[in-house]
Amino acid sequence: MRDKLEKELVELDKRRLNIRKRYKNKLINSKKKLNQKDYIYFPKSIVSEKNHQLRYGLSWLQNGFILKKGNNVIAVDPGVNFVLRLTESGFDLSNITHIFISHTHLDHSADANVLMDFMIRARASVKIIAPKSVYDEKVISDFHSGLKPKFPVNHSAIIIDENSEIELLDGYKMTFVPLQHSVECYGFKISGNNQNYTYLSDTSYTRELVTKNNKIISITDITYYMENVKSKSNYNYIKEFLKDSDVLITNIDSYMYTKNSKTHLPLLDLLEIIKDNNIKEIIIAHVNPIGELKYEEWGNKLAKYVYKISKIKTFAVKISGNKFYI
Ligand SMILES: [Zn+2]
């Protein structure tokens with residue numbers, strides 16, 4: 001004879017099965033009609049002020065945004081908690097058509113498999129766009145990239161390099177630029193409708209610096225905060241790539257040159273890159289709460305300084321999230 005608790009567990013088994021079945025169908029049919037407006041959307045951060053472990057230890061982990069152009073809904077660099085942050089804001093994941101991963105680092109890729117798992121369950125086929133090392137290092141698993149499909153979905157994994165040109169929906173196309181990072185890394189440009197949108201992921205721009213006492217220093221040799229820069233040589237092809245861009249989305253790591261400048265962009269190099277270009281708007285992405293610093297103590301000031309020097313509208317992504325209509 002089953003006792004009361006056993007009976008309840010049998011009932012719960014049935015209920016759980018029913019809920020899953022019901023929700024599975026709901027999920028598959030959940031795709032809502034896309035709004036006409038195009039946008040770049042950064043979901044809000046979920047790291048509270050009191051969360052010292054994330055703010056001090058892993059402050060860089062949260063990253064990623066959605067770029068919508070026509071019927072293209074591109075998830076870009078899904079870092080840690082990207083899916084949770086998007087769904088908390090009510091974003092409909094099943095509308096995503098493409099996932100771009102610039103490189104293998106966790107803050108650009110950690111949630112790729114999570115996102116793909118959802119897409120598989122929602123029966124929404126997605127194109128993954130990433131350099132070879134992302135697949136080689138199984139940052140996105142063969143199962144989740146659709147290379148070993150088990151579910152009836154039609155994902156495709158596209159390997160990109162500097163010569164790739166990808167046709168998106170509605171006549172948009174995507175081209176790529178190799179960046180200067182510690183691992184293989186690419187930025188992209190989306191073109192169409194006479195407008196160009198460029199995303200620079202993690203990159204340095206300076207090759208060598210000349211100090212005020214005429215000492216030549218390779219960017220890879222900087223071990224300290226460096227202010228006394230007289231001149232420098234750059235990776236000019238990156239500047240060339242965004243010559244015709246209207247909007248630039250970029251990550252910034254510091255104001256001056258530091259030891260991180262061999263793999264990340266200092267603000268002074270951004271000012272160099274945007275000089276003599278037609279950029280109308282700059283979005284500083286990947287701005288996370290670090291330690292006891294308030295967001296306003298850094299991101300806003302970076303944006304303010306870029307505007308002061310360049311007179312280009314510049315925004316730093318807010319901790320509460322941002323939606324930029326483009
Ligand atoms: Zn990186």
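User: How many residues are in the largest nonpolar core, and which have the most contacts inside it?

Analyst: The largest nonpolar core contains 68 residues, and Ile99, Leu115 and Ile284 have the most contacts inside it. Helix H5 (residues 112–121) supplies the largest share of this core, 5 residues. Such a core is a set of buried Ala, Val, Leu, Ile, Met, Phe, Trp, Tyr and Cys residues joined through C-beta atoms within 7 Å. A residue is buried with 20 or more other C-beta atoms within 10 Å of its own, exposed with 12 or fewer, and partly exposed in between, the C-beta atoms being placed from the backbone. This is a predicted model, in which local features need pLDDT of at least 70 and side-chain atom pairs count only at pLDDT 80 or more, while totals for chains, interfaces and linings use all residues. Residues are numbered from 1 along each chain as its sequence is written.

User: Which residues is Leu115 in contact with, leaving aside its neighbours within four places in sequence?

Analyst: Apart from those neighbours, Leu115 is in contact with Ala75, Pro78, Phe82, Val83, Leu93 and Ile99. Contact requires the C-beta atoms of two residues, placed from the backbone, to lie within 7 Å. As a general matter, nonpolar side chains in soluble globular proteins tend to be buried together.

User: How many helices and strands does the chain have?

Analyst: The chain has 10 helices and 17 strands. These are DSSP runs numbered from the N terminus: helices are H or I with at least four residues, strands are E with at least two.

User: What about the box and the radius of gyration?

Analyst: Along the principal axes, the C-alpha atoms of the chain fill a box of roughly 90 × 45 × 35 Å. Of the 326 residues, 37% count as buried. Among contacts between residues at least 6 apart in sequence, 65% join residues at least 24 apart.

User: Changing topic to H1: what does this helix reach from its first C-alpha to its last?

Analyst: Helix H1 (residues 4–28) has 25 residues and reaches 36 Å, close to the 36 Å expected at 1.5 Å a residue. The expected span is 1.5 Å times one less than the number of residues.

User: How many of its 25 residues are buried?

Analyst: The count of buried residues in H1 is 0, and the helix is hardly covered.

User: What is the order of the open sheet of 7 strands?

Analyst: The order is E6-E5-E4-E3-E2-E1-E17, with mixed pairing. Its edge strands, E6 (156–159) and E17, each pair on one side only. The twist averages 20 degrees from one strand to the next. Axes are lines fitted to C-alpha atoms, and angles run from 0 to 180 degrees between N-to-C directions. Two strands pair if DSSP finds at least two bridges between them. Within this sheet, E1 (residues 39–42) and E2 (residues 65–69) pair in the antiparallel sense over 3 bridges, and Tyr39 stands opposite Lys68 in E2.

User: And Asn322, where is this residue found?

Analyst: Asn322 is in strand E17 (residues 322–325). Asn322 is partly exposed because 19 other C-beta atoms lie within 10 Å. Beyond its neighbours within four places in sequence, Asn322 is in contact with Phe42, Phe315 and Val317. Its C-alpha atom is separated by 7.4 Å from that of Lys44, 278 residues apart along the chain.

User: What is the order of the open sheet of 3 strands?

Analyst: That order is E12-E11-E13, with antiparallel pairing. The edge strands are E12 (216–218) and E13 (229–234), each pairing on one side only. Neighbouring strands are turned by 25 degrees against each other on average, direction ignored. Strand E11 (residues 206–211) is joined to E12 by 3 bridges, and Leu209 stands opposite Ile217 in E12.

User: How many residues lie between E7 and E8 in their hairpin?

Analyst: There are 5 residues between them, and Asp170 in the turn has a positive phi of about 60 degrees. E7 (residues 165–167) and E8 (residues 173–178) run antiparallel and are joined by 3 bridges, with Ile166 opposite Met174 in E8. E8 is also joined to E9 (residues 186–192) by 6 bridges, again antiparallel.
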